[in-house]
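Please open the model in your viewer and keep the sequence panel beside it. The stops below each begin with a selection and then say what is to be found there.

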Amino acid sequence: MQVTTNKNFFKGMLTGHSSVGLMVGALMYVICLTGTIAVFFPEFERWQQADVPEFQHYTANTITTAIEQYQLKTAKSPESLYVVLPTDSVPRMHVSDGELEWWLQADGKLSSVVNEGWTHMLTELHANLHLPKTFGLLIVSIFGVMLVHLCISGVLSHSRIFKDAFRLRLTKERQQQIDLHNRLSVWALPFHFMIAITGAFFGLVSLLVLFAAPIFYDNDRQAMVEDVYGSDPNVVSAQVKPVNIAVALNNLALQAPKATAIYIVIQKISTENQFIEIAATLPGRLIYSEMYRFDANGNYINHQGLSDGITGRQLLYSVYRIHFGHFGGLLVKIAFVLLGLSLTVISVTGINIWLKKREQQDWINHAWCGIVWGLPIALVASACCSILLNISAIVVLVIIQAATIAACLYWQNINKGTLYLQRICACLLLALVIGHISIFYSDIYNAFYLWVNVTLVAIAIVMFNLRNDSHNSSAGICLNPRL
Amino acid sequence: MFVLLALPLWTINYGIEFGVTYNFIFLALTAWFIIIISNKPQKNNHQRYSKETTLKRKTVKPNNREKQNTSTESSIKWLRAGKFFSLIIICGFSSLTITTLFFLTFANVLANQMAYTALAFPLVWGVLSVWITFTHQLARTSILLFIIGTAATWLILSLY
């Protein structure tokens with residue numbers, strides 16, 4: 001009786017797990033793959049515009065010149081003017097008002113316009129699937145909730161979770177897919193949970209604001225946000241004059257000697273209420289930054305309390321770094337890519353298991369092959385067109401993805417489809433590297449660009465041999481939707 | 001075991017926030033490494049996979065759903081639509097209200113209550129959606145969740 005009850009429980013959980021997995025399948029794959037690549041989005045941003053001046057050291061004069069140059073160029077007084085400072089991973093400076101954006105030279109003068117291009121397309125695809133911003137964010141967040149569901153139901157539907165903890169049976173293809181799906185998901189469960197919950201948070205917080213603001217804050221949403229994240233200081237100065245960045249930076253060093261400034265914001269510039277905010281990272285903390293506030297003369301006012309304020313505020317401000325793996329340097333980023341890739345493989349093998357279980361082959365199998373292997377091609381092709389030919393990345397992505405699905409449906413042969421698409425992707429990656437070198441040939445000896453290009457070539461070689469691997473080894477690279 | 005025991009060392013060296021995160025990452029990578037080295041490729045698989053590369057096209061068999069009559073098919077569609085509605089709308093509403101009420105009771109500062117709710121409510125939503133997809137009594141469970149959500153809203157409104 002007990003055995004039957006347990007069996008029914010696992011069966012019921014597995015049914016729920018499968019139905020939700022199928023519901024979110026393809027889009028979950030898109031979100032996971034783009035998220036995995038987006039871990040390196042600052043590096044890709046740097047790589048796609050390789051001819052921008054790079055430097056590590058800056059002075060207060062550099063920032064002051066940048067502000068003056070921006071004002072001369074635009075004759076605007078924006079609500080917030082950002083000067084983003086160089087870091088180890090991105091040794092560049094840029095100035096932005098949220099709409100207009102320029103790279104800076106080492107002396108603070110404006111350089112070329114920041115071209116968001118392909119990287120922006122990638123991050124937007126991950127964050128909101130290029131749907132209208134708030135709606136898209138909400139949809140992607142619901143996918144985060146569904147990932148939470150899949151994590152829980154996946155664990156509860158696993159009747160031999162401890163017994164099979166280190167088992168990877170490679171003999172039968174379906175068993176291989178199941179084992180890979182289970183082993184990857186079980187051991188990375190804390191990571192998947194973290195990604196799901198933090199990912200869901202970004203969009204669902206707007207639902208909470210909609211619900212809670214009328215009840216607790218007299219329908220004042222701004223008041224709610226300020227209560228949680230901290231409010232701006234009230235600054236009224238007697239005269240409007242240029243802000244004193246040098247004094248502010250000196251005072252920051254006195255107030256928080258261990259803090260490293262990452263960007264500076266001039267709020268309400270050229271008004272009586274102007275003040276300076278310096279965002280700075282603190283060693284050993286996951287919070288994105290602490291915000292130190294200074295008046296126009298550079299005198300310290302206060303800090304926002306993101307590092308030492310209420311616990312909830314510190315938690316919320318740690319979400320970004322922990323979701324994108326932007327802490328602890330390159331090794332953590334590589335680990336996040338591996339873990340993200342595992343989530344991508346899990347989403348593919350999940351659908352593969354279902355396809356195999358159907359014991360029939362129809363257009364769904366072919367379309368799935370087109371989606372799985374078409375998306376990497378679409379991403380690489382869009383990068384080629386955006387960086388080399390300055391064509392809209394999203395348009396190329398949609399066209400290529402549709403074309404790969406259509407090609408797989410036309411070929412009606414998953415082996416052929418997989419092989420062709422992998423090789424096309426490898427060729428496109430090589431073309432991208434060659435194109436990048438030919439455009440930015442003067443910078444090819446820069447160690448960073450060299451490493452990125454070598455990595456892309458290595459990925460192309462792996463792609464080219466991936467299909468052969470599944471023929472010749474027992475590993476059978478399980479991203480392969482061959483059924 | 002050694003990976004888990006390394007947690008204090010990670011924490012001492014990098015602080016509690018980084019220490020715990022590094023430990024989880026390291027746990028996954030170590031486990032996968034063990035799986036790879038303890039499941040070595042078998043020689044005869046080479047032949048096996050080579051033989052399997054030519055895919056035999058299977059004839060499409062009518063599955064169970066196609067055998068069913070139209071009325072059953074229609075009811076399956078309604079069931080799926082109902083499940084989807086419950087999963088997204090009812091579970092979303094109930095989880096939001098239940099989590100808000102929970103933290104109103106257990107956290108003292110309003111800003112903290114909101115922050116904890118924002119992080120916990122996707123988790124509660126996930127748990128409720130597992131229940132919805134598991135249950136055989138979809139209508140009853142959905143109504144129950146809706147009533148709980150409405151009651152939680154009423155309690156929140158009466159508390160504030």
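**The sheet of chain A**

Begin by selecting residues 94–96 and 101–104 of chain A, which are strands β2 and β3, running antiparallel and joined by 3 bridges. Helices (H or I, at least four residues) and strands (E, at least two) are here DSSP runs numbered from the N terminus, and two strands are taken to pair if DSSP finds at least two bridges between them. This is a predicted model, in which local features need pLDDT of at least 70 and side-chain atom pairs count only at pLDDT 80 or more, while totals for chains, interfaces and linings use all residues. Residues are numbered from 1 along each chain as its sequence is written, chains are lettered from A and ligands numbered from 1 in the order in which they are written, and side-chain values use heavy atoms, with hydrogens and water left out.

Within this pair of strands, pick A:Val95, whose bridge partner in β3(A) is A:Trp102. Keep A:Trp102 selected, for this residue also stands opposite A:Val113 in β4(A). The strands β3(A) and β4(A) pair in the antiparallel sense over 2 bridges, and in their hairpin, with 5 residues between the strands, A:Gly108 takes a positive phi near 95°.

Now widen the selection to the open sheet of 8 strands, with antiparallel pairing, whose order in chain A is β4-β3-β2-β1-β5-β6-β7-β8. Its edge strands are β4 (110–113) and β8 (300–303) of chain A, each of which pairs on one side only. Neighbouring strands of this sheet are turned by 25° against each other on average, direction ignored; axes are lines fitted to C-alpha atoms, for helices over the stretch in contact, and angles run from 0 to 180 degrees between N-to-C directions.

Next select residues 245–255, helix α9 of chain A, which lies across β5 (260–267), β6 (275–281), β7 (290–295) and β8 and runs at about 45° to β6(A).

Show the side chains of A:Glu54 and A:Arg92, which form a salt bridge with the closest N and O atoms 2.9 Å apart. A:Glu54 belongs to the loop between α2 (41–48) and α3 (60–74) and A:Arg92 to the loop between β1 (80–84) and β2, so the pair ties together parts of chain A that are 38 residues apart in sequence.

**Two loop residues**

Finally, select A:Asn219, in the loop between α7 and α8 (221–229) of chain A, where phi is near 65°, a positive value in a residue other than glycine. A:Gln412, in the loop between α14 (393–411) and α15 (414–439) of chain A, has a positive phi of about 55° although it is not a glycine.

Terms used:
Contact means heavy atoms within 4.5 Å. A salt bridge is a side-chain nitrogen of Lys or Arg within 4 Å of a carboxyl oxygen of Asp or Glu.
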